[in-house]
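Please open the model in a viewer and keep the sequence panel at hand.

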Amino acid sequence: MAPFVLENDVEVGESLPPATEHAVSVSLPTWRANVGYEEGEEWVISKMKTGYPRFFIHKSIQRFATAIIQNHGREGEEAMLFPTHSTASRCREFFIRQVPDVDASQVRILDLVPAAEKARSEELAMISPRISVVLFPQEHFKIAKAFWQHSGDGVSSRRAEYCHHLFDEGFLVDASSLSKVARLCKGPRRYQKQTSVDLGSTNGSLAGVGDPQDPTSFVEERFGRNLELSKTKNAKLAIRRRIAGSLTADVALTEALALGNDDAMTRQVADFSENDVYLYPTGMSSIFNAHRNILAAKGPLKAIVYGFPYIDTLKITEKFGAGSLFYGFGSSEELDDLEKRLEGGERFMALFTEFPGNPLLRSPDLERIRKLADKYDFCVVVDETIGNFINVNVLPYADVVVSSLTKVFSGDSNVMGGGLVLNPKARNYQLLKGIWDQDYVDNHWAEDSIFLERNSRDFVSRIDRIGSNAEAICEVLSADPRVKQVNYPKTSPTRPFYDKCRNPNGGYGGLLSATFHTRQAAVAFFDNLDTVKGPSLGTNFTLSSPYVILAHYGELDWCAEWGVEADLIRFSVGLEETSKLVDTFKRALDAIPQ
């Protein structure tokens, strides 16, 4: 009998989907490839065209960083790119804290701004073509990379690509080189003539080399690639309305903004609107900034992380602020311990939890957590990425709800984004709202916002189909004796906590995981599973991963202490035909040696 050919056997290192320029996942199609990636083996690393953006710095960002070092760097320096001076400053502060013996003057910030900054129009301000660069000794690259990964505040690949073109043309220059008098006289000669921007006339010709050119036309026409700048503001508003739950129709942007609120699909908290919704460059950025702002509001207190979390959430609470108290099982006994600590006088800034958790899909008792938070005055931050607000309504139990819009909200695996929501009925709302109003800067790159808005139009209909497929796969895996354990909110012992927050028509989401009785069985199943394989989740196509190896390779023993097995396989279920998906999983199960 001829061997079964895997239809989804994408070459190692290829983007997912293949040939997607700004993809957020990468093919690691075999168990050996995942281990090889973690071990840094050349046969994997050399083939990596891309990777998950917070772990693998996109090659367009690498190219831009190299160009900046060549023009502004010193020998032996590396560069990390951020959207604003304040985000770069936080990287520098983290760097100096982590390497206290480094000469602070060796960690410096370079701000690249438009040469014609005074002539910036509203449209130019909307896309904010500027970059702040942290330059540092290359031997400490891992420190800067850790901040990039934990904060999620680095530049996106589209921003880097766009600004790199401007930089090469001399339109982005060192801010310190601009005098107050001569701001408009920098850059290539053909742009040195001082001009004023007439918003009613931006038709400057690019045909003549000597023609004066206003900066808005330069950005829009020379390197715009039809950014549709006038639509960016509306795209961001539509995204915020979708996150708020007030826009659920699958319609084009103009029609979407003309629609009234869909009252049946709001988050069911009085006085809540898109004015309490904030966009961030990544989901992790929303978590990082939630921690940072609550720390500013509540003072230097420890955080609590409840339930086994996504890796960087715990790292943020450990490395920034006063540290954290970790309850990795997410159990009632741990809440008992927390209550005793609180009764004894211990105080905390916030409790961070996921609903449900990743990768065990357990749901926390949000009702009990909310009661403790109200009694002892700490904030509750709930990551709803996996549950998502179509399935569950966690806002009444939270002060802050965060989410990765990169995942199922987008679905197309080609853009990053994060959402953050404040609960207007929470005890600390006025305090937090004041902090956010003062601190918030929209760093979600305009072009990314346009893609994210387009991708999310069919978000609601996708959720239902993905959930149905995931339940079918859960049934297949649960019924097979070769599978040791299946983790899914519907079959979890914590289902009552999930159901307490489940919307009337909500499902159980598209993410599940499974373990097997031996590593040999797990490897055989994974290598014969005919889905694409790589990091991330929430894609429109089914995506599988030996998640613990990929996310926690250097701390597998620590994971085991919390009941998270090294050989766990995670499945993010997509939109494929249900019967075909079921057959795919059954064939992989049959490949397990007897």
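In which loop is the place of D377? Select D377: its place is in the loop between α14 and β11 (379-383). Helices (H or I, at least four residues) and strands (E, at least two) are DSSP runs, numbered from the N terminus. This is a predicted model, in which local features need pLDDT of at least 70, side-chain atom pairs count only at pLDDT 80 or more, and totals for chains, interfaces and linings use all residues. Residues are numbered from 1 along each chain as its sequence is written, and side-chain values use heavy atoms, with hydrogens and water left out.

D377 has a phi near 55°, a positive value in a residue other than glycine. At 26% relative accessibility, D377 counts as partly exposed; the term covers values between buried (under 20% relative accessible area) and exposed (over 50%), with a 1.4 Å probe and protein chains only.

Most residues other than glycine have a negative phi, and most peptide bonds are trans.

Another cis bond, with omega about 0°, joins L16 and P17. P17 belongs to the loop between β1 (15-16) and β2 (25-26).

Now display helix α4 (residues 85-98) with helix α6 (residues 141-151): they pack at an angle of about 130°, their axes 9 Å apart. Angles run from 0 to 180 degrees between N-to-C directions, and axes are lines fitted to C-alpha atoms over the stretch in contact. The angle makes α4 oblique to α6, the term for angles not under 35 degrees (roughly parallel), over 145 (roughly antiparallel) or 65 to 115 (roughly perpendicular). Contact (heavy atoms within 4.5 Å) is made by T87, R90, C91, F94, F95 and Q98 of α4 and I143, A144, A146 and F147 of α6.

Select D312 in helix α12 (residues 311-319). D312 has 0% relative accessibility and therefore counts as buried. Beyond neighbours within four places in sequence, D312 is in contact with R54, F55, Q149, H150 and M284.

Finally, colour by pLDDT, the predictor's confidence in each residue, from 0 to 100. The chain averages 89, whereas pLDDT stays under 50 over residues 180-216. Where pLDDT is low, the predicted coordinates should not be read in detail.
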